[in-house]
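Please look at the structure shown below, and keep it in view while reading the report that follows.

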Amino acid sequence: MRIIVVGGAGTIGRRLVPALRSNGHDVVVAGRTSGSVHVDLTAHATIEAMYHEVGTVDSVVSIAAHGALDEFTTLTPDALYENMRAKFFGQVDLVLTGQHHCADRASFTLTSGIFADQAWPHVTGGGVISGALHSFALSAAIELPRGMRINVVSPTMIDDSVDTHGEHFPGLRPVPMDQLVDHYLRCVEGNDTGRVIRAYG
Ligand SMILES: NC(=O)c1ccc[n+]([C@@H]2O[C@H](COP(=O)([O-])OP(=O)(O)OC[C@H]3O[C@@H](n4cnc5c(N)ncnc54)[C@H](OP(=O)(O)O)[C@@H]3O)[C@@H](O)[C@H]2O)c1
């Protein structure tokens, strides 16, 4: 399969991309400055340009852009919207735009996160982004044209990220990276659609 991995140079991408390649797939890595194709999920024109540059693909995987931490008592609607731009609206744009460019029966695999389902301090934005992505995928799964599929992988903190993120999420049990990579591979290579894969360790 020909696959675009947006965020393929990141923490998850560095493990997923080699796994996809070793399964025989032709993988194009995209990012704002990393990868061989440049795209910014906050800029619709760059998403259009990416699909034109790469040509028809069979699968789009998005593992890019985080929800920022926030402070509820000073949070504003504008700040919440800004927080949602890349990870929510950008991933939605990858699908809404991609449906016109991808091959028949192409799949989209998006990334959300555990805070859709679990309250935690300072992640109102992250929780809203992830919950909204889950709802988006339900609708998209029954409306995408030409047999296209969509799934969302919702990770908890990953074991590879404990050193960098662990201080913000004490007590959150991490998910092993190998398990997480298997979830993405199944979304790309399997037949599922409309699923939210909760990789909560
Ligand atoms: N790591 C964890 O423990 C964890 C847990 C739960 C959920 N997640 C979610 O999993 C996803 C990936 O996490 P990660 O830890 O692998 O991230 P990461 O290491 O920060 O890598 C992010 C990747 O996305 C690209 N990127 C960032 N912003 C972008 C944008 N606006 N447009 C296009 N590309 C962009 C970056 O490349 P450029 O800088 O070149 O753009 C980079 O390659 C995120 O949505 C994150 O919230 C991660």
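The model is a predicted one, in which local features need pLDDT of at least 70 and side-chain atom pairs count only at pLDDT 80 or more, while totals for chains, interfaces and linings use all residues. Residues are numbered from 1 along each chain, in the order in which its sequence is written.

**Two pairs of helices**

Two packed helices are described by the angle between their axes and the distance between the axes. Axes here are lines fitted to C-alpha atoms, for helices over the stretch in contact, and angles run from 0 to 180 degrees between N-to-C directions. The helices (H or I, at least four residues) and strands (E, at least two) are DSSP runs, numbered from the N terminus.

| Helix pair | Residues | Angle | Axis distance |
|---|---|---|---|
| Helix 1 and helix 6 | 13-22 and 177-189 | about 50 degrees | 10 Å |
| Helix 3 and helix 4 | 77-98 and 124-143 | about 25 degrees | 9 Å |

Helix 1 passes helix 6 in a right-handed crossing, where a crossing is left-handed if the near helix is turned anticlockwise from the far one by less than a right angle, and right-handed if clockwise. On the side of helix 1, R15, L16, A19 and L20 meet M177, V181, Y184, L185 and V188 of helix 6, and two residues are in contact if their C-beta atoms, placed from the backbone, lie within 7 Å. By class, this contact of helix 1 with helix 6 has eight nonpolar, no polar and one charged residues, with Ala, Val, Leu, Ile, Met, Phe, Trp, Tyr, Cys and Pro counted as nonpolar, Asp, Glu, Lys and Arg as charged, and the others, Gly among them, as polar.

Helix 3 and helix 4 pack at an angle of about 25 degrees, which makes helix 3 roughly parallel to helix 4. Their crossing is right-handed, and the residues in contact include L80, M84 and F88 of helix 3 and V128, L133 and F136 of helix 4. By class, the contact of helix 3 with helix 4 has eleven nonpolar, three polar and one charged residues.

**Around the ligand**

Of the 29 residues around the ligand, G7, G10, G31, R32 and A64 come nearest, and a residue counts as near if its C-beta atom, placed from the backbone, lies within 6 Å. Helix 3 contributes the largest share of this shell, three residues, and by class the shell has twelve nonpolar, 14 polar and three charged residues.

**Two residues in loops**

Is D104 buried or exposed? D104, in the loop between helix 3 and strand 5 (107-111), is exposed because 10 other C-beta atoms lie within 10 Å; a residue is buried if 20 or more other C-beta atoms lie within 10 Å of its own, exposed if 12 or fewer, and partly exposed in between, with C-beta atoms placed from the backbone. Leaving aside neighbours within four places in sequence, D104 is in contact with R146 and G147.

S36 is found in the loop between strand 2 (26-31) and strand 3 (37-38), and S36 is partly exposed, with 13 other C-beta atoms within 10 Å. Apart from neighbours within four places in sequence, S36 is in contact with V28 and V29.

Note on methods
Parallel < 35°, antiparallel > 145°, perpendicular 65-115°, else oblique.
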